[in-house]
Amino acid sequence: MSKSSYFFGQSVFGQLISFLDLNKVKAISNKRMSDHYVKKFDTSDHLISMLFSTFAHCTSLREVAASMLGLKGKVSHFQLKHIPYRSTLSDANKRRSHLVFQDVYYSLLKEYRPIISDSRQTYSWENRIEIIDSSTISLFKDILDCVGRKPITGKRKGGIKVHTQINLQENVPKLIWFSSATTHDKQFLKHIKMEKGRIAVFDKGYNDYKTFDAFTEKGVFFVTRLKSNAAYETVTENDIPSYMDNGVIKDEIIRVDVKEHGTYLKTIELRKVAYWDDENKRCFEFVTNLHGMNAGHIALIYKKRWHIELLFKQLKQNFPLKFFLGDNENAIKIQIWCALIVNLLLTVIHKQITRKWAFSNLAGFCRLHLFNYIHLMKFLENPDKDWLKEYDTQLQLKFNSS
């Protein structure tokens, strides 16, 4: 085959790293003082090394160090100043705070938000939806408290819970909070950032009437499921118009008591919508403070919560979150932040190309061609170009010879 028309003077990994502004990384490291008393392996080198391990699906520090030793002569393309030894990377994962990587992620999110935001919407309320949920990642040892019964062997594995908030139209986390797996989900509600007029969507594990009351006072809306053992009093039943979605079987105003540590504080009014899901043959009961909205839309808003489940699936399927490179809490959080950074970078690329690629195929391509000198964006737009050109050439030669 003739020379590839996709040849580029920078490796795919170098092109991916170019999405990072290392001057901003330097500013963040100065703010967090993460390079104090560091002679060689600074924050930028640490970040690039960990991003390499994430892209390449490395499962151990030895694998990261050994793989990077083969990059002699190529490091200038992605501005790596020092290739780490295993012990150097291990010490950095233990000592350098994961908050530096957190700040890098939020800085990238702020920079690329206009690209990843999807302005398309069917309903006017779609750009106001904030989805909240958590996902538990099992650990290889009892680093953080796990859930469930103690095994017969007496040896327990830890678990880290990743609490997440995403905007429906961005599909990448806008807020992350880590806790042990035993931490109740509703503790995350203290950390979320909600502007007036936004609609928070979460499952019934977050039910907390005191928070619901605080949301209402701030002008923040919510939609969630009602717990099966919830105590409430029906105030009035709303009429269901004939044009309403056939799945809506009841729409009523209820009263619930707000308590704190068992002490009664006040009574608030909420709206309860019962919806029959014909596909799953189930009745769902939703509770909300959206009193003026179509009851069918209440059910549809809750259905949008599935987007965050798809995000968790995407993260766990495409990034090495089963093999951790450190046996301490800080190292584990660093690795999760790096997975989130890589997910964000790939999402930016995914949004910029017009050709349809499955996210998993895009991630797989970058992993397999990490150090090939291919123009990434041009190849992704037209991957068949070289093969078709070669086929046309061979066809022409065959035709001329005959």
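Predicted model: local features only at pLDDT ≥ 70, side-chain atom pairs only at ≥ 80, totals over all residues.
Which residues touch the most other members of the largest nonpolar core? They are F13, L16, F78, I301, I336 and L346. Residues are numbered from 1 along each chain as its sequence is written, and side-chain values use heavy atoms, with hydrogens and water left out.

**View 1. The protein chain holds 13 helices and nine strands.** Helices (H or I, at least four residues) and strands (E, at least two) are DSSP runs, numbered from the N terminus. Of its 402 residues, 50% count as buried. Buried means under 20% relative accessible area, exposed over 50%, and partly exposed in between (1.4 Å probe, protein chains only).

**View 2. The largest nonpolar core has 97 residues.** A nonpolar core is a set of buried Ala, Val, Leu, Ile, Met, Phe, Trp, Tyr and Cys residues joined through side-chain atoms within 4.5 Å. Helix α10 (residues 329–352) gives the most to this core, with 14 residues. A second, separate core of 22 residues includes L175, L189, Y209 and V258. In soluble globular proteins, nonpolar side chains tend to be buried together.

**View 3. Helix α10 is mostly covered.** Of its 24 residues, 20 are buried. From first C-alpha to last, α10 reaches 35 Å, close to the 34 Å expected at 1.5 Å a residue. The expected span is 1.5 Å times one less than the number of residues.

View 4. Contact means heavy atoms within 4.5 Å.

**View 5. D35 lies in the loop between α2 (22–32) and α3 (43–55).** D35 is buried, because its relative accessible area is 16%. D35 touches K26, S29, D42, T43 and R96, not counting residues up to four places away in sequence. A polar contact of 2.8 Å joins the side chains of D35 and T43. Such a contact is a pair of N or O atoms within 3.5 Å; within protein, one must be able to donate a hydrogen and the other to accept it, and residues adjacent in sequence count only if both atoms are side-chain atoms. The C-alpha atoms of D35 and R96 are separated by 8.3 Å, though the two are 61 residues apart along the chain.
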